[in-house]
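Colleague: I'd like to learn how to read the fold and a helix pair here. Could you walk me through it?

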Amino acid sequence: MRFFALLSFLAASFIHAKQPNIVFLFSDDHALRSISAYGGDLAKIAPTPNIDRLAASGAIFKNSFCGNSICGPSRATILTGKHSHKNGFLRNSGKGLDQTQWTVPKALHGAGYNTAVFGKWHLISDPVGFDHWEILPGQGSYYNPVFLQMDGSKKKFPGYCTDITTDKAIKWLDGRDPEKPFFLMCQHKAPHRTFAPALRHLKSFDGLTIPEPPSLFDDYANRSKSLSENEMEIDRHFHWTYDAKVRKNERKGIELPGPDRYGMAEYGRMNAGQKKEWDAHFGPENQAFLKKVGSMSHKEIVQWKYQRYMKNYLGTVKAVDDSVGKMLDYLDKNGLTENTIVIYASDQGFYLGEHGWYDKRWMFEESFKMPFVIRWPGVTKAGSRPQEMIQNIDYAPTFLEAAGLKIPAEIQGKSIVPTLKGEAKDWRKSLYYSYYEKGEHNVPQHFGVRTETHKLFFLPGSDEWQMFDLVNDPQEMKSVYRQPEYAKVQEELTKEFHRLRTHYEAPPFK
């Protein structure tokens with residue numbers, strides 16, 4: 001009996017040794033434009049050296065997309081490998097993700113993995129399938145955040161949320177069972193609105209001018225009328241206290257044009273020392289602005305808000321990049337690098353002034369695209385840039401194949417392991433997109449298809465179609481739907497749209 005028990009133990013140890021660890025580093029609303037490894041006009045101004053370090057030693061996907069550009073639904077898709085209509089989590093509101101269905105943490109845990117998640121969860125129901133979890137309630141807070149505990153209690157921790165989340169993840173790694181492979185989800189609130197940087201990064205962009213995107217003052221011509229009705233413009237919907245960090249008690253009676261319905265909760269969470277450093281940075285800048293605002297043109301005020309927005313957004317990104325570096329250093333120092341898959345991704349992209357916006361939701365490229373950087377020693381070629389179109393439905397089956405586990409038939413995504421090995425055959429040529437929220441930021445429901453060169457989406461509320469030529473109009477400034485020269489492409493895209501809806505068993509439009 002002892003001999004057979006020993007054989008069983010050795011077999012289990014061998015399997016575990018072959019199964020790679022998986023570290024999933026995840027952020028919220030991280031635009032590709034703000035990751036220097038992706039290139040672009042911000043690369044020199046706002047470098048992300050640690051994410052770049054990961055990309056240089058692994059693969060970076062430029063054609064990575066979400067299936068529903070909103071926080072909770074994207075996370076549900078990652079956990080289930082299924083589109084929103086199949087996993088049941090269509091919007092940020094509701095009863096929460098039904099975790100009686102198959103999920104990747106439950107599968108990995110059942111296969112012997114140690115599993116943990118820290119940081120932003122945003123799925124309403126508590127995590128299932130994890131040995132340990134500590135999550136932020138809802139969106140969570142940047143300063144001195146509260147974390148929900150497994151026993152149902154809430155604990156407040158002093159400091160900055162991105163740093164605390166990383167420290168919790170590393171502490172768990174230190175205490176895990178070293179005989180088992182592990183699956184760690186380290187998930188940050190940043191750079192989600194309201195864009196409150198760590199104190200050490202407040203002055204990172206002092207004296208610099210952030211480049212403006214060409215469509216900052218988009219007039220929304222040649223596309224759906226719903227674009228001009230959105231409520232996510234830096235011009236008309238960026239709140240002075242909540243977003244621009246110009247508090248009412250600093251204004252000395254000066255009236256500012258535009259909305260100011262919300263306070264600044266992050267400032268209220270700070271202790272005296274944190275407030276002192278915050279005020280030392282924003283105070284002089286705000287007073288300088290208030291002195292001249294009366295003589296500024298409307299365009300100049302929008303440009304000022306854009307600069308304030310971008311510097312704060314990029315400031316929160318710097319702490320995320322610090323976190324990635326700290327995790328990579330930990331793996332190196334503890335001899336874990338060679339048998340650990342490390343992924344950096346975000347739940348969707350974000351508008352950094354493109355089309356005048358600061359949010360997400362739309363199927364336009366800036367929020368439809370999401371970063372995906374992966375290092376898997378011995379599998380990914382350092383510095384590779386796969387061109388395949390991947391989507392967040394693909395994460396779960398990828399984790400399973402990496403762990404040597406069977407992929408359930410109900411999963412709608414495809415493992416990207418063949419693309420990482422350069423062996424992908426008959427890869428998908430199109431992607432399906434859905435957005436189900438109603439009324440948030442006044443962005444209408446829409447559903448679409450994207451190929452390598454074109455995009456088509458339908459707005460059932462207004463019975464409108466939009467189509468874009470991504471080769472000749474990468475900024476998506478003009479819909480070519482019903483343009484005679486695009487008739488054949490339109491017909492092909494329409495057929496593909498309905499094929500995908502049938503393939504993914506999408507419900508009727510409501």
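Modeller: A contact means heavy atoms within 4.5 Å. In this predicted model, local features need pLDDT of at least 70, side-chain atom pairs count only at pLDDT 80 or more, and totals for chains, interfaces and linings use all residues. Residues are numbered from 1 along each chain as its sequence is written, and side-chain values use heavy atoms, with hydrogens and water left out.

Colleague: What share of the contacts with a separation of 6 or more comes from residues 24 or more positions apart?

Modeller: That share is 68% in this chain. Buried residues (under 20% relative accessible area, 1.4 Å probe, protein chains only) make up 61% of the 510 residues.

Colleague: And how do I read a helix pair?

Modeller: Two packed helices are described by the angle between their axes and the distance between the axes. Axes are lines fitted to C-alpha atoms, for helices over the stretch in contact, with angles running from 0 to 180 degrees between N-to-C directions. Helices are DSSP runs (H or I, at least four residues), numbered from the N terminus. Here, the axes of α6 (residues 161-175) and α9 (residues 298-333) come within 9 Å and cross at roughly 15°. That makes α6 roughly parallel to α9 (angles under 35 degrees).

Colleague: Which residues of α6 and α9 make the contact?

Modeller: On α6 they are T162, T166, D167, A169, I170, L173 and D174, and on α9 they are A319, V320, S323, K326, M327 and Y330.

Definitions and conventions
Helix = DSSP H or I, 4+ residues; strand = E, 2+ residues; numbered from the N terminus. Parallel < 35°, antiparallel > 145°, perpendicular 65-115°, else oblique. Buried < 20%, exposed > 50% of the residue type's maximum accessible area, 1.4 Å probe, protein only.
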